[in-house]
Amino acid sequence: MIALTWTYGQLLRGVADLARRVLLVQLLILAPCFWLLELSQNVAFRWMNGDWGWVYPESPHRGFSVVSLGLWSGAVVALWAMNTLWFRPARMALWQRVLWTTALCWPGQWLCGFIAAEVFHHPFQVWPGTRLLYVSFSSLFFWAANALLYQWVVRDPQPVPPRTSEPASEPLQVPVTRAERPAGA
């Protein structure tokens, strides 16, 4: 019974540590950062093209919505899950992480917009002038920027040794200084 209590205590400590690291750091800091990045991307899109790239039909501001912080929190959880459960154990390179994140989050954005509009009848985010209506192909670049930012902010806690297909034939030798050499060597 004592071992079971100790294991349960360790589990609770691990969950509390995970919640502190993930929820406090990533959700409270990264979700608003991504929201501000989205707002700046939409403002830049408006400056270049004269109109908003995407609009929020139910928002009084039209070009942004504070409610999207909830979706950005979900995106941060998805990025954390991919990074922790898939990318780190597979020891993927940065470019592969960015490619997979972009390839998975872009249709995820469309799916969230589709579900909000068609299932709940509250269109969340609409891209006027696009065939897909809830996402545009230009947002692929925005998702790549978000993936790069996430990978830059959330570093791997320890360096991963490079993969080798063949075992090392000789152990690593420490260089010997001239003073440590035996006489005559």
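The largest pocket has a volume of about 430 Å³. The model is predicted: local features need pLDDT of at least 70, side-chain atom pairs count only at pLDDT 80 or more, and totals for chains, interfaces and linings use all residues. Residues are numbered from 1 along each chain as its sequence is written, and side-chain values use heavy atoms, without hydrogens and water.

**Largest pocket**
- Its lining holds 23 residues, with Leu 71, Ala 75, Cys 105, Gln 109 and Trp 143 closest to the centre.
- Helix 1 (2-49), helix 2 (68-90), helix 3 (94-119) and helix 4 (139-153) each give two or more residues to the lining.
- A pocket is an open set of points on a 1 Å grid over the protein atoms alone where a 1.4 Å probe fits, with protein on both sides within 12 Å along at least five of seven lines; lining residues have an atom within 4 Å of a point.
- Helices are DSSP runs (H or I, at least four residues), numbered from the N terminus.

**Helix 3 and helix 4**
- The axes, lines fitted to C-alpha atoms over the stretch in contact, come within 8 Å and cross at roughly 130°.
- Contact (heavy atoms within 4.5 Å) involves residues including Cys 105, Trp 106 and Gln 109 of helix 3 and Trp 143, Ala 144 and Ala 147 of helix 4.

**Second largest pocket**
- About 260 Å³ of space lies here.
- Of 15 lining residues, Arg 21, Gln 26, Trp 80, Arg 88 and Val 154 lie nearest the centre.
- Helix 1 supplies the largest share of the lining, 6 residues.

Technical notes:
Grid points are joined across faces, edges and corners, and a volume is the space filled by probe spheres set on the points. Axes are lines fitted to C-alpha atoms, for helices over the stretch in contact, and angles run from 0 to 180 degrees between N-to-C directions.
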